[in-house]
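Q: Could you show me how to read surface patches, burial and cores in a model such as this one?

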Amino acid sequence: MSLEEQIINKRAVVGIVGLGYVGLPLAVEFCKAGFRVMGVDYDKTKVNMINRGQSYIVDVDAQTLREQVKHRKFTASDDYSYIAKCDIVNICVPTPFNKNKEPDISYIIDASEKITEYLHKGMLIILKSTTFPETTEKIVLPILQKSKLRVGQDFYLAFSPERIDPGNKKYTVKNTPVVVGGVTKKCTELACLFYKQMIEKVIAVSSPRVAELTKLLENIFRSVNIALVNEMACLCERMGGIDIWEVVKAASTKPFGFMPFYPGPGLGGHCIPVDPYYLAWKAREYDFHTDFIELAAKTNESMPYFVVNKVIEALSQKGIPASKAKVLVLGVAFKKDINDTRSSPALKVMEILKDKVAKLFYNDPYVPEVKVNGEKYRSLALEEKVVREVDCVIITTNHSAYEYEKLVQWANLIVDTRNATGTFSKRIKKIIRLGYVK
């Protein structure tokens, strides 16, 4: 049976390398579409949880996962030999950067090398990890070709960027369009055919490079626009009496040529803080400097420092030296209503504050514990007594579960970086909002 027939008849076995925020939701959706899925991850804790039917990601329904595992539609292992049984393999591994803001694609290289050991004729490999242009063709392809198999004839290779938005209930894996760029025309056709079995809209592009740069553009677009509104927020504070949140709301009434973005304590998640540096690094290979893009990234990276200075100033105005203050950070996930702390600006705020205040605490209903500079913190119960005993509460993530009216009643001082208390702030002096000075 050809790979086309296996895909159409749902007989193809699907492999997922990397069972994190991208890989696990993808695996479950392929199971629901009728495919048998085999997941691989070095993290034995994740593997064991999956095989017990336990979800560790908010977007993956535990009952759905249990059903797939129970009926043997989905199994996981930390053993790469699983790949030998797969017809299609999706690479969903992390792509961080190092201390020098240079791309770290070691996970992609490792996955490619392991897959090469078990690469067989008719196999389709799809790289989904966010990366710089030419990764698929100049890094992954040469590794796979060590098998002596020929791309486009013996095996197939494509890039299709992940578009997972943690916590988004409207746009999920199934109804978010995907972009696909194959190394050859046949590679593109097979990858598109495969994704069409599960995803409503699939867009083919001319090459992996186009698909790779598409992903970077999507996220850099957000980075640049968030940097713009963050800078505007800082200006509004300097000018005084202008509320950036009111400005954005008013500008949003324009039915064309404007898209609202909102200020905050910085950027989080895997992609948006990372992607500008992936592109900037690659651009230097061509004697091109992405000054505008890098400036936006630096602007966003400065926001946690801006927030900390705001906290120290607010405490000082109440006659409390920062060195004697007790501070409670609310929300350490990088966005509301999820448990993802990757590159969370709240953690950076905590890291900066750690040695500046007497005691530092946090609460997050989704994140029971975190490490900041190697020190472990546990989420405190958000009780009236706890809130009243601290000198300042910083709202860094505006989870829906928080009862903001009660927090406003209990707290001695609130620094709100998300406009969660916007309804109260103009009439209550103890609320200090980002982007507005009375």
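A: A patch is made of residues with over 30% relative accessible area and no salt bridge, with like charges joined within 9 Å and nonpolar side chains (Val, Leu, Ile, Met, Phe, Trp, Tyr) within 5 Å. A salt bridge is a side-chain nitrogen of Lys or Arg within 4 Å of a carboxyl oxygen of Asp or Glu, and accessible areas come from the Shrake-Rupley method with a 1.4 Å probe, only the protein chains shown counting as cover for residues. This is a predicted model, in which local features need pLDDT of at least 70 and side-chain atom pairs pLDDT 80 or more, whereas totals for chains, interfaces and linings use all residues. Residues are numbered from 1 along each chain as its sequence is written, and side-chain values use heavy atoms, without hydrogens and water.

Q: Which residues form the nonpolar patch on the surface?

A: Leu228, Met232, Leu235, Met239, Ile242 and Val247 form it, with about 500 Å² of accessible area together.

Q: Is Asn90 buried or exposed?

A: Buried means under 20% relative accessible area, exposed over 50%, and partly exposed in between (1.4 Å probe, protein chains only). Asn90, in strand β4 (residues 88–91), is buried because its relative accessibility is 0%, whereas Leu235 is partly exposed at 42%.

Q: Which residues have the most contacts inside the largest nonpolar core?

A: A nonpolar core is a set of buried Ala, Val, Leu, Ile, Met, Phe, Trp, Tyr and Cys residues joined through side-chain atoms within 4.5 Å. The largest has 83 residues, and Phe30, Phe74 and Phe194 have the most contacts inside it.

Definitions and conventions. Helices (H or I, at least four residues) and strands (E, at least two) are DSSP runs, numbered from the N terminus.
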